Amino acid sequence: MHPAPHPQSDTHQSTSTIRGSPLSASATRHRLGRRLVQLYAGLALYGASSALLVRAGLGLEPWGVLHQGLAELTGLTIGEVAIAMGALVLLLWIPLRQRPGLGTVSNVFAVGLAMDATLALVPDVHGLAVRIPLMASAIVLNGVATGLYIAAAFGPGPRDGLMTGLHRRTGRSIRLMRTAVEVAVVVTGFVLGGTLGAGTVLYALTIGPLAQVFLKVFAVAAPPVGSAVVATGTPEGAILPR
């Protein structure tokens with residue numbers, strides 16, 4: 001009589017077969033493809049939502065206030081300023097020993113280009129009956145964009161990486177670093193002519209909860225054990241893809 005096969009050996013053999021099977025490779029490629037779509041859709045929608053806040057004229061997100069102020073000062077478009085500022089902030093990663101990902105580098109260009117494209121397509125709006133709904137829609141769309149971008153897990157935006165880098169170097173909390181940086185950004189942008197208003201306050205109060213909701217909606221399933229994963233993970237505390 002032959003001994004009965006050990007249950008664990010069958011399980012191990014089955015698992016090994018699945019890991020190396022064409023089905024597993026196909027699932028990994030599908031997951032990577034979905035993440036890339038989420039990354040660039042999120043960046044494009046983030047730029048579009050920021051542009052809609054500009055058109056609403058009731059206050060921009062903190063970095064948007066600075067970008068608009070610098071655009072007024074330099075004569076560049078707000079998208080061009082966003083690209084230049086993203087590149088400048090990325091240079092500050094060097095002394096902080098931060099490592100950029102695909103999402104980080106893509107962020108520098110994609111958000112600014114999407115902003116300028118949206119501003120070229122969407123005309124100025126007038127009257128609070130239009131501007132208030134536009135502002136609210138832009139903030140919700142920004143939350144959707146945030147969920148898409150961060151859930152793709154290709155690395156933080158340059159500005160978020162700056163804050164997490166400062167957190168690691170100084171030992172101060174991310175909340176404190178974020179607050180300090182964004183207060184300085186808002187004040188500087190306002191002095192330069194950026195729009196600070198109800199939209200800025202509403203954005204600050206709602207973007208965190210909105211981002212958390214859409215992060216769950218767009219979460220990508222974890223890859224199988226042993227499969228290749230590209231640039232997964234985001235730094236602790238990174239909320240916005242900026």
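This is a predicted model: local features need pLDDT of at least 70, side-chain atom pairs count only at pLDDT 80 or more; totals for chains, interfaces and linings use all residues.
Reader: Where is R97 found?
Author: R97 has a positive phi of about 60° although it is not a glycine. Its place in the chain is a loop, with α5 (93-96) on one side and α6 (102-121) on the other. The answer is therefore the loop between α5 and α6, where R97 counts as exposed because its relative accessibility is 70%.

Reader: And A153, another residue with a positive phi: buried or exposed?
Author: A153 has phi near 60°, again in a residue other than glycine. It sits in the loop between α7 (128-152) and α8.

Reader: What share of the residues counts as buried?
Author: The protein has 242 residues, and its accessible surface comes to about 12600 Å². Carbon and sulfur atoms account for 69% of that surface. As for the residues, the share that counts as buried is 45%.

Reader: Among contacts between residues at least 6 apart in sequence, what percentage joins residues at least 24 apart?
Author: Contact here means heavy atoms within 4.5 Å. Taking the contacts between residues at least 6 apart in sequence, the part that joins residues at least 24 apart is 85%.

Reader: Now to helix packing: how are α4 and α8 oriented to each other?
Author: Helix α4 (residues 78-91) and helix α8 (residues 158-170) have axes 9 Å apart, and they pack at an angle of about 30°. Angles under 35 degrees count as roughly parallel. That makes the orientation of α4 to α8 roughly parallel.

Reader: Which residues of α8 meet α4?
Author: The crossing of these two helices, α4 and α8, is left-handed. From α4 come A82, M85, G86, V89 and L90, and on the α8 side they meet P158, R159 and L162. By class, the contact of α4 with α8 has six nonpolar residues, one polar and one charged. The α8 residues you asked for are P158, R159 and L162.

Reader: What is the handedness of the crossing of α3 and α9?
Author: The axes of helix α3 (residues 62-74) and helix α9 (residues 174-191) come within 7 Å and cross at roughly 30°. These two helices are therefore roughly parallel to each other. Their crossing is left-handed.

Reader: How many nonpolar residues are in the contact of α3 with α9?
Author: On the α3 side, P62, W63, V65, L66 and G69 take part, and they meet V181, E182, V185, V186, T188, G189 and F190 in α9. Sorted by class, this contact of α3 with α9 holds one charged residue and three polar ones, and the nonpolar residues number eight.

Reader: How is α8 oriented to α9?
Author: The axes of α8 and α9 are 9 Å apart, at an angle of about 125°. Roughly perpendicular covers 65 to 115 degrees and roughly antiparallel begins over 145, with the rest counted as oblique. That makes α8 to α9 oblique.

Reader: Which residues of α9 meet α8?
Author: α8 passes α9 in a right-handed crossing. D160, M163, T164, L166, H167 and T170 form the α8 side. The contact of α8 with α9 divides into five nonpolar, three polar and three charged residues. The α9 residues are I174, M177, R178, V181 and E182.

Reader: D160 is in that list; what is its relative accessible area?
Author: D160 lies in helix α8. Its C-alpha atom is 9.5 Å from that of T104, a residue 56 positions apart along the chain. D160 is buried because its relative accessible area is 2%.

Reader: Last one: how far apart in space are the C-alpha atoms of A180 and M163?
Author: A180 is found in helix α9, and it counts as partly exposed because its relative accessibility is 44%. In sequence, A180 and M163 are 17 residues apart. From C-alpha to C-alpha, their separation in space is 9.5 Å.

Terms used:
Residues are numbered from 1 along each chain as its sequence is written. Side-chain values use heavy atoms; hydrogens and water are left out. Buried means under 20% relative accessible area, exposed over 50%, partly exposed in between (1.4 Å probe, protein chains only). Accessible areas come from the Shrake-Rupley method with a 1.4 Å probe; for residues, only the protein chains shown count as cover. Axes are lines fitted to C-alpha atoms, for helices over the stretch in contact, and angles run from 0 to 180 degrees between N-to-C directions. Helices (H or I, at least four residues) and strands (E, at least two) are DSSP runs, numbered from the N terminus. A crossing is left-handed if the near helix is turned anticlockwise from the far one by less than a right angle, and right-handed if clockwise. Ala, Val, Leu, Ile, Met, Phe, Trp, Tyr, Cys and Pro count as nonpolar, Asp, Glu, Lys and Arg as charged, and the others, Gly among them, as polar.
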